[in-house]
Amino acid sequence: YDIPTQVMIERMISRGETSGRSDDNLAAAQKRITTFRESTMPILKYFATHPSIKLITVPGVGSVEEVWTLTKAALEPILSSQSSQSRVQI
């Protein structure tokens with residue numbers, strides 16, 4: 001998902017207020033984002049440079065329902081091109 005850092009931090013902190021998770025605080029959120037940038041971003045960049053790999057980016061800003069709708073729309077062309085035997089319904 002493509003989402004601004006500040007929105008990710010706000011969501012994690014907000015989740016901590018309602019879930020009671022002690023690790024959903026500013027310091028933990030910043031550490032998770034640093035880990036993502038250092039560990040996951042290189043993998044995404046690798047996939048993005050290989051034409052045989054389809055990397056899908058979905059905007060992550062909006063309500064849960066809006067993001068889910070965008071996710072389904074992004075996956076549908078891929079899933080519909082698969083044979084009916086291996087198709088996954090979303």
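Predicted model: local features only at pLDDT ≥ 70, side-chain atom pairs only at ≥ 80, totals over all residues.
**Stop 1: helix 3.** Select residues 64-81, which make up helix 3. The helix has 18 residues and spans 26 Å from its first C-alpha to its last, close to the 26 Å expected at 1.5 Å a residue. Now pick Leu-75, where helix 3 bends by about 35°. A proline, Pro-77, follows within four residues of that bend. To see the buried residues of this helix, select Val-67, Thr-71 and Leu-79.

**Stop 2: the largest pocket.** Select Tyr-1, Asp-2, Ile-3, Met-8, Phe-36, Met-41, Leu-44, Leu-55, Ile-56 and Thr-57 to show the lining of the largest pocket. The pocket holds about 300 Å³ of space. Colour the lining by type: eight residues are nonpolar, one is polar and one is charged. Helix 2 (residues 26-48) gives the largest share of the lining, three residues.

**Stop 3: salt bridges.** The whole structure contains five salt bridges. Start with Asp-24, which is buried because its relative accessible area is 6%, under the 20% cut-off. Asp-24 forms a salt bridge with Arg-15, with the closest N and O atoms 2.7 Å apart. Arg-21 also meets Asp-24 in a salt bridge, at 3.5 Å from N to O. Arg-15 is partly exposed, at 37% relative accessibility, and Arg-21 is partly exposed at 37%.

Next, select Arg-32 and Asp-23. Arg-32 is partly exposed at 29%, and Asp-23 is partly exposed at 33%. Their salt bridge has its closest N and O atoms 3.1 Å apart. Finally, show Arg-15, Arg-21, Asp-23, Asp-24 and Arg-32 together: salt bridges with shared partners join these residues into one network.

Key: Residues numbered from 1 in each chain as written. Heavy atoms only, no water. Helix = DSSP H or I, 4+ residues; strand = E, 2+ residues; numbered from the N terminus. Expected span 1.5 Å × (residues − 1). Bend = angle between axes of the 7 residues up to and from the residue. Buried < 20%, exposed > 50% of the residue type's maximum accessible area, 1.4 Å probe, protein only. 1 Å grid on protein atoms, 1.4 Å probe; cavity = no way out; pocket = protein on both sides within 12 Å on 5 of 7 lines; lining within 4 Å. Points joined across faces, edges and corners; volume = space filled by probe spheres on them. Nonpolar A, V, L, I, M, F, W, Y, C, P; charged D, E, K, R; others polar. Salt bridge = Lys/Arg side-chain N within 4 Å of Asp/Glu carboxyl O.
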